[in-house]
Amino acid sequence: MDALKKILGIVWIGLALAAAYFGIFNFGLPKLSTGKQEDLVFGIIILFVLTPLIVAGLAIFGWYALKGEYDNRKL
Amino acid sequence: MRDKSTRGIWKVISASSMGTLIEWYDFYIFGSLAVVISTKFFPSDNPTAAFLSTLATFAAGFVVRPFGALFFGRLGDLIGRKYTFMVTLLLMGGATFLIGCVPSFETIGYTAPILVLLLRLLQGLALGGEYGGAATYVAEHAPKDQRGYWTSWIQTTATVGLFVSLVVILATKTVLSPEAFDEWGWRVPFWISILMVLVSYQIRKKMHESPAFSKAKAEGKTSTNPLKESFGNKYNLKFVLLALFGATMGQGVVWYTGQFYAMSFLKTVMNIESNQVDALLGIALLLGTPFFVVFGWLSDKIGRKTIMLTGMLLAILLYRPIYKTMYQTVDLASKTRTETDGLPAGMNLEKGEVYFVSSTGYTDGTAASVKTTYHFDESQPLGRGEFKESKATVTANESDKWTLVFLVWIQVIFVTMVYGPIAAFLVEMFPLKIRYTSMSLPYHVGNGIFGGLLPAISTYLVTNAKEAADVEFYLEGLWYPIIIASISFTIGLIYLTKKDTTQHD
């Protein structure tokens, strides 16, 4: 199980990168440039709240997993 | 002896739950009255923009919750649970009452939406501090082997708060005429809050500090810098991240799908009449709420992880079939018409509009009406600068109504599975001296941000799919909760161990 936790660490880091790409280029930036008020609010929340949280949180979580911080003996 | 200690816990539960319920009530009346609030506080020339502005305010109320968790969590670990959640109660009650007093946009212009936004932010901050305090306070009074059961009473308060908000709004609408409700009656649910808060404050004032916290304080074992010890310490931070990604993130989206997205879906995608939606949602909530206690109790017997992850898995697998059945239950294309009449129902020349209402009956008792409004631009020649908008409203027949109640109830059951045990789960994950701070943040990021943004993101996905002429556009909004819950389920399944969740007294 500890080996699986470490390997999945790479998946979580990859997922963080994918979330960064989709959060910025698919959801965030296009919404900022439409000129509509509702899109602006939505874009700002996605770009400056949701995306950084998912990206930073998942990346740190993945890094800890990869380094074995979630191994049974360390919990 | 056992009876005496149980009586003591009931006092703690009732004092804590009452306050937390009121805070949830305060928080939800804003969302439940979103449509009327949008017409009062935001420029009304574009109803969609006004409505979305309110949703944004709603999101602001959610996004700010983690900051409340940090601010009040720190206070709670420094000076005590009791005093902190009394402050949050007063802050919430005051902000709610004042929202009901703010003059409309027509009276004071842009000051109105700005004031409402600020008060909404205060509500979010207060809620961020309240929940962690109440959950910690109850858990620290409960016997270790019954924490799931006792804290599950606190877990019912969010749903009961939503239920009470719907009942108060429905009662106000019933007592007043539609015109009076629209004019000033919508403020009543906000004003009622201050009475409830004052009663709850008096009850809470008589309670004692958590015994575990008092003992730690007397022995000088409380934290001097809870924020640093919670998030600057790698050992604790990894548990905060595990709690967020392996539990509260998935729990948050399941909660908001079952209780808010279901409501929004019924009203805006299925176009069911608003009062009927409130009534059927109220029934489903009432029938589902006891299961918070059932699953909290069961989590003491078979483990928190098993129940929470089962709830998440069921939600992931069943959301699409449930919503497809909901949509098809009242799909007018599959029903047989009996009669149609279309009458010019009224006009408002000042606003340059004329509207028609066309009513249609169906053989199974379903009724539908479509209000078509023609807007005229008086500065343009006749026929130019004219546009039309249609709004459909469906009233489900009795049989379909109960089918919908059942389908929403199933979703509430998923909510009770993921949410019932989570307070005990979080409390046991962190040590007493930084518990309030450490458990509040993942809870409010999971619920306030991942969950709170669900209506906006799911509505966006549905709109995009509709514009792309996707036949099943109405199911597209579910991808957000399904993906988030799937990630959370996988992380919880692999990384959470029994030891993580029971290591602290």
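Among contacts in chain B between residues at least 6 apart in sequence, 80% join residues at least 24 apart; two residues are in contact if their C-beta atoms, placed from the backbone, lie within 7 Å. The structure is a predicted model, in which local features need pLDDT of at least 70, side-chain atom pairs count only at pLDDT 80 or more, and totals for chains, interfaces and linings use all residues. Residues are numbered from 1 along each chain as its sequence is written, and chains are lettered from A and ligands numbered from 1 in the order in which they are written.

Chain B contains 22 helices and four strands, where helices (H or I, at least four residues) and strands (E, at least two) are DSSP runs numbered from the N terminus. Of its 505 residues, 50% count as buried. A residue is buried if 20 or more other C-beta atoms lie within 10 Å of its own, exposed if 12 or fewer, and partly exposed in between, with C-beta atoms placed from the backbone.

The largest nonpolar core comprises 154 residues; such a core is a set of buried Ala, Val, Leu, Ile, Met, Phe, Trp, Tyr and Cys residues joined through C-beta atoms within 7 Å. Helix 13 (residues 234–269) of chain B supplies the largest share of this core, 20 residues. Among the residues with the most contacts inside the core are V254(B), M308(B), M312(B) and V418(B). Not counting residues up to four places away in sequence, V418(B) touches G250(B), Q251(B), V254(B), W255(B), M308(B), G311(B) and M312(B).

In chain A, I45(A) is located in helix 2 (residues 37–66). I45(A) counts as buried because it has 24 C-beta neighbours inside 10 Å.

Strand 2 (residues 353–362) and strand 3 (residues 367–375) of chain B pair in the antiparallel sense over nine bridges; two strands pair if DSSP finds at least two bridges between them. V354(B) stands opposite Y374(B) in strand 3 of chain B. The hairpin of these strands has four residues between them, and G365(B) takes a positive phi near 100 degrees there.

Most residues other than glycine have a negative phi. N271(B), in the loop between helix 13 and helix 14 (274–288) of chain B, has a positive phi near 60 degrees. N271(B) counts as partly exposed because it has 18 C-beta neighbours inside 10 Å. Phi of A469(B) is also positive, near 60 degrees, and this residue lies in the loop between helix 20 (454–467) and helix 21 (479–495) of chain B. A469(B) has 7 C-beta neighbours inside 10 Å and therefore counts as exposed.
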